[in-house]
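Please look over the model below before reading on. The briefing that follows takes up helix packing, the ligand shell, recorded annotations and backbone geometry.

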Amino acid sequence: MRVLGIETSCDETGVALWDSEAGLLAHRLHSQTEVHAAYGGVVPELASRDHIRRTIPLVEQTLADAGVDLDGVDGVTATAGPGLLGALLVGLSAGKAIAFARDLPFLGIHHLEAHLLAPALEDNPPPFPFLALLVSGGHTLLAEVAGVGRYRLLGQSLDDAAGEAFDKTAKLLELGFPGGPAVARAAEGGDPEAFALPRPMVDKPNLDFSFSGLKTAVLNAAKTRGEDADAAFRRDLCASFQEAVVDVLWRKSARALRQTGLERLVVAGGVGANAHLRARFATEAEARSVGLHFPRPEFCTDNGAMVAHAGGLRLLAGERDGWDRTAVARWPL
Ligand code: KG4
Ligand code: ZN
């Protein structure tokens with residue numbers, strides 16, 4: 001089955017064609033970074049308008065890349081939530097329209113499910129069951145994944161998501177947008193132990209997270225130098241912040257592995273693209289003989305491939321949505 005997938009939940013327009021036999025055939029991404037950079041964050045109305053401009057051309061380009069036309073497509077899927085409502089509606093409506101016009105099955109897909117199944121797009125896909133750490137701009141959670149659609153939430157952030165902490169830290173240190181890659185770049189060569197930043201919630205026995213205090217600690221540390229903060233000071237502060245986030249994420253993941261007895265860990269979502277996180281998790285997982293799976297960095301952040309894949313698995317299992325399927329801004333996993 002060949003499935004066209006469309007992702008427009010936030011500030012990336014992603015389109016892909018996935019084949020249940022051959023895997024990913026083609027994928028295209030348009031990032032709106034330039035549209036939002038001047039505002040220091042995603043402006044929902046501008047995001048929706050840009051998705052309108054980009055979605056159909058990206059569908060055409062993706063099909064051309066794969067060397068097929070719509071006659072070669074067997075199903076259509078699009079992200080239905082959670083995300084920015086106006087942005088979601090663009091991809092969802094485009095997907096429904098294509099499916100309706102061509103009399104194809106359609107399915108709206110959960111954005112977080114698409115993220116946490118994304119490592120299956122790589123060589124050596126993780127077999128079920130596994131522990132998933134989902135770290136994106138809007139969510140931070142740990143879930144036990146027993147199969148497609150079989151998710152048990154084990155813990156989540158009680159305030160900011162990990163990506164949000166990166167974005168807010170970048171903003172207060174005036175590093176630019178998007179924040180995650182900017183902080184990672186600024187941290188290069190820095191001393192991760194230069195600042196004793198807190199590790200929120202690690203002493204609590206549960207699997208929940210909290211990142212808003214960390215951002216305040218960074219702000220307070222930055223104030224100690226004010227205008228005098230030189231490049232080395234900022235480098236060390238960013239490295240210490242990044243280390244604190246990654247340390248908390250690893251320690252909670254390790255606890256979840258112990259509590260569940262699971263032997264495989266999947267890390268997905270935008271923060272999973274972070275090189276320091278990938279290195280630390282690889283070292284820790286190897287020392288404990290834990291199987292570790294990441295999507296390639298470009299499939300950690302939002303993309304159409306993960307949507308075509310997750311929607312494809314469900315369409316293949318016979319799931320369908322009616323034409324009344326609508327977008328939802330909030331949707332628990
Ligand atoms: O999964 P994603 O693309 O969108 C959501 O579903 O939210 O995640 C975006 C988040 C942003 O907060 C961004 O700053 C963060 O992922 N991010 C990173 C890196 N690349 C993206 N955070 C840390 N290091 C990175 N290299
Ligand atoms: Zn995402």
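Which residues in helix 8 meet which residues in helix 9? Gln 242, Val 246, Leu 249, Trp 250 and Ala 254 in helix 8 are in contact with His 276, Leu 277, Arg 280, Phe 281 and Glu 284 in helix 9, where contact requires C-beta atoms, placed from the backbone, to lie within 7 Å. This is a predicted model, in which local features need pLDDT of at least 70 and side-chain atom pairs count only at pLDDT 80 or more, whereas totals for chains, interfaces and linings use all residues. Residues are numbered from 1 along each chain as its sequence is written, and chains are lettered from A and ligands numbered from 1 in the order in which they are written.

**Helix packing**

- Helices (H or I, at least four residues) and strands (E, at least two) are DSSP runs, numbered from the N terminus.
- Helix 8 (residues 231-260) packs on helix 9 (residues 275-287) at an angle of about 35 degrees, with the axes 10 Å apart; axes are lines fitted to C-alpha atoms, for helices over the stretch in contact, and angles run from 0 to 180 degrees between N-to-C directions.
- The contact of helix 8 with helix 9 comprises six nonpolar, two polar and two charged residues, with Ala, Val, Leu, Ile, Met, Phe, Trp, Tyr, Cys and Pro counted as nonpolar, Asp, Glu, Lys and Arg as charged, and the others, Gly among them, as polar.
- Helix 6 and helix 8 have axes that come within 8 Å and cross at roughly 120 degrees, which means that helix 6 is oblique to helix 8; angles under 35 degrees count as roughly parallel, over 145 as roughly antiparallel, 65 to 115 as roughly perpendicular and the rest as oblique.
- In that pair, Val 183, Ala 184 and Ala 186 of helix 6 meet Arg 234, Arg 235, Cys 238, Phe 241 and Gln 242 of helix 8, a contact with five nonpolar, one polar and two charged residues.
- Helix 5 and helix 7 (residues 212-223) pack at about 20 degrees with their axes 10 Å apart, so helix 5 is roughly parallel to helix 7.
- Ala 165, Lys 168, Thr 169 and Leu 172 in helix 5 meet residues of helix 7 including Leu 214 and Lys 215.

**Ligand shell**

- Around ligand 1 there are 20 residues, the closest being Gly 137, Gly 163, Gly 180, Gly 270 and Asn 274; a residue belongs to this shell if its C-beta atom, placed from the backbone, lies within 6 Å of the ligand.
- Helix 5 (162-172) and helix 6 (179-186) are the elements that give two or more residues to the shell, which by class has seven nonpolar, 10 polar and three charged residues.

**Recorded annotations**

- An unreviewed UniProt entry places the feature "binding site" at His 111, His 115 and Asp 302; such annotations may be inferred rather than shown by experiment, positions are given in the numbering used here, and feature names are shortened.
- Although these residues are spread over 192 residues of sequence, they cluster in space, with a largest C-alpha distance of 8.8 Å.

**Backbone geometry**

- Most residues other than glycine have a negative phi, and most peptide bonds are trans.
- The bond joining Gly 81 and Pro 82 is cis, with omega about -10 degrees, and the bond from Phe 177 to Pro 178 is cis as well, with omega near -5 degrees.
- Glu 174, which is not a glycine, has a positive phi of about 55 degrees and lies in the loop between helix 5 and helix 6.

Notes: Contact = placed C-beta atoms within 7 Å.
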